[in-house]
Amino acid sequence: MKILVGYKGVNIGQDLLKLAVEHAKAFDATVLVVTSMLEGTEKDQKKILEAESNLDEAQVFFKGQGITCEKHLLIRGMEAGEDIVAFANEKNVDEIIIGVKSRSNVGKLLFGSTAQTVILEADCPVVSVR
């Protein structure tokens, strides 16, 4: 089994990791911890390095729990939600765990939502953590 964790390394990130550990242990799963960025230009280098560092920390956390973990920084020119869904399909992921932010209806209408895209478009079960 493969579990994809959409991870930014902030706010509810630790809750995502803990839930992924529970699921990975219960289903003897490999965890794919993933961050998606739209662009990877020279001006984005600081963000890229930060994302890589966050992924490294997550991978160390999972390995410390005895769980096989792969880290993936996706910079493929896609919006994060679409990128995560596409990557999950490419890797034949069985479950996605993603964080959600509380936002007003107007906020969702104006800005879209990565989690909303993943929840609505994924071909596998999605667990959301708030």
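**Exercise 1. Describe how helix H5 is placed against the sheet, and give the order of the strands.**

Solution. H5 lies across E4 and E5 and runs at about 160 degrees to E4, where angles run from 0 to 180 degrees between N-to-C directions of axes fitted to C-alpha atoms, for helices over the stretch in contact, and contact means heavy atoms within 4.5 Å. Helices (H or I, at least four residues) and strands (E, at least two) are DSSP runs numbered from the N terminus. The model is predicted, with local features needing pLDDT of at least 70 and side-chain atom pairs pLDDT 80 or more, while totals for chains, interfaces and linings use all residues. Residues are numbered from 1 along each chain as its sequence is written, and side-chain values use heavy atoms, leaving out hydrogens and water.

Next, the five strands form an open sheet in the order E3-E2-E1-E4-E5, with parallel pairing, two strands being paired if DSSP finds at least two bridges between them. Strand E3 (69-75) and strand E5 (126-129) each have a single partner strand, so one side of each lacks a neighbour in the sheet.

**Exercise 2. Characterise the packing of helix H3 (residues 80-90) on helix H5 (residues 114-121).**

Solution. Begin with the geometry: the axes of H3 and H5 come within 7 Å and cross at roughly 35 degrees. Then list the residues: Ala-80, Gly-81, Glu-82, Ile-84 and Val-85 in H3 meet Thr-114, Thr-117, Val-118 and Glu-121 in H5.
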